Amino acid sequence: MRLIKHKLSQASFVILLSTLLTACGFHLRGEYTIPDGIDKISVTSYDPYGKITKLVKEQLRLSKIELVAPRPDITNLHISSESISDRTLSLYQNTRAAEKEVNYRVNYRVTIPQIGSKNFSAQISRSYLDNPLSALAKSEERSLIEDEMREFSAQQMMRQMARLKTEIEEFESNQQPSTPATSDSSSNTQS
C-alpha cells in the first residue's frame, strides 16, 4: 500500500511538472515553431542544389511547412550566401598548425507579404586538431565538420524564424519616422 502511494505521488509530481512547463512555453530542444500564418513558404537560393538549401528545406518539412514555388503572396526565404573560413589557434614547435578553428556563416533574407523583410545570418564555429601526419583523415574530418556546421546552421535558421514576425514588426516600426517631442528639454537656464 505504501509503495502504491509513493508511485502515485511520483506520477502526480511528473504530471504537475509537465503541466507547468507547457504552460510557460517551454519546448524541447529541436522543436521550433514557425510563426502562425506561415504554413507555406518558398525557398530560393544562390545555389538551389547546394547542401545548405537541401538542409533548410528538410528542416521546413520537419516543421510541417509546405514548400511551394515563389509567388508575391507567399513567404520567401532567400539564401543569399554562405562562407567558410578558418584560422590557426595553436602551432606545433615546427610552426605547423596544430589546432584550427573553422567558421561557417550563411546569410539569408525572409520576406513576409504585407509585413516586410529582414536579413539574418547564422554563424557556427568549430575547432579541431590538425595532424600533419594524417592528410587523408584530416580532409575527411574537415568535410564532416563542415557538414555538421551546415546542419546546425539550418537548425539555427529555424530558431530565428520562430521569432521572425516579432522582429520584422519591430524593425519596421523603427524605420518609420518618429514624431517630435512636444516638450522642450533645452529650457535650462543658469543665473
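In which helix is the place of E146? The residue belongs to helix α3, which spans residues 135-162. The structure described here is a predicted model, in which local features require pLDDT of at least 70 and side-chain atom pairs count only at pLDDT 80 or more, while totals for chains, interfaces and linings use all residues. Residues are numbered from 1 along each chain as its sequence is written, and side-chain values rest on heavy atoms, with hydrogens and water left out. Helices (H or I, at least four residues) and strands (E, at least two) are DSSP runs, numbered from the N terminus.

E146 has a relative accessible area of 18% and is therefore buried; buried denotes under 20% relative accessible area, exposed over 50%, and partly exposed the range in between, with a 1.4 Å probe and protein chains only. From C-alpha to C-alpha, E146 lies 8.2 Å from I84, although the two are 62 residues apart in sequence.

The strands were examined next. Five of them form an open sheet with mixed pairing, in the order β2-β1-β3-β4-β5; two strands are taken to pair if DSSP finds at least two bridges between them. Strands of a sheet pair through backbone hydrogen bonds, either parallel or antiparallel. Strand β3 (residues 75-91) runs antiparallel to β4, and 14 bridges join the two. Within this pairing, I84 has Y104 in β4 as its bridge partner, and E82 stands opposite V106 in β4. The β3-β4 hairpin has five residues between its strands, and T95 in this hairpin adopts a positive phi near 65°.

Strands β4 and β5 are likewise antiparallel and are joined by 14 bridges. Here V106 stands opposite A122 in β5. Three residues lie between the strands of the β4-β5 hairpin, where Q114 has a positive phi near 65°.

One aromatic pair is found in a search of the whole structure. For this search, rings of Phe, Tyr and Trp (its six-membered ring) pair if their centres lie within 6.5 Å; planes under 30 degrees apart count as stacked, over 60 as edge-to-face and the rest as tilted. The pair consists of Y108 and F120, whose ring centres are 5.5 Å apart and whose planes meet at 20°, so the arrangement is stacked. Because Y108 lies in strand β4 (residues 97-112) and F120 in strand β5 (residues 116-129), the pair ties together parts that are twelve residues apart in sequence. Both Y108 and F120 are buried.

Helix α2 (residues 51-62) comprises twelve residues and reaches 17 Å from its first C-alpha to its last, close to the 16 Å expected at 1.5 Å a residue; the expected span is 1.5 Å times one less than the number of residues. Its buried residues are I52, T53, L55, V56, Q59 and L60. Seen down the axis of α2, these residues fall within an arc of 165°, so they line one face of the helix; the arc is that of the directions from the helix axis to the C-beta atoms. The exposed residues K54, R61 and L62 are carried on the face of α2 turned away from its buried side. Just after α2, K64 takes a positive phi of about 65°.

T53, placed in helix α2, counts as buried at 1% relative accessibility. Its C-alpha atom is separated by 7.9 Å from that of V43, ten residues away along the chain. With neighbours within four places in sequence left aside, T53 is in contact (heavy atoms within 4.5 Å) with V43, S45, D47, P48 and I79.

S45 is found in strand β1 (residues 40-45) and is buried, with a relative accessible area of 15%. The side chains of S45 and T53 are joined by a polar contact of 2.9 Å. A polar contact is a pair of N or O atoms within 3.5 Å; within protein, one must be able to donate a hydrogen and the other to accept it, and residues adjacent in sequence count only if both atoms are side-chain atoms. The side chain of S45 also reaches the backbone nitrogen of D47 at 3.0 Å. Not counting residues up to four places away in sequence, S45 touches T53, H78 and I79.
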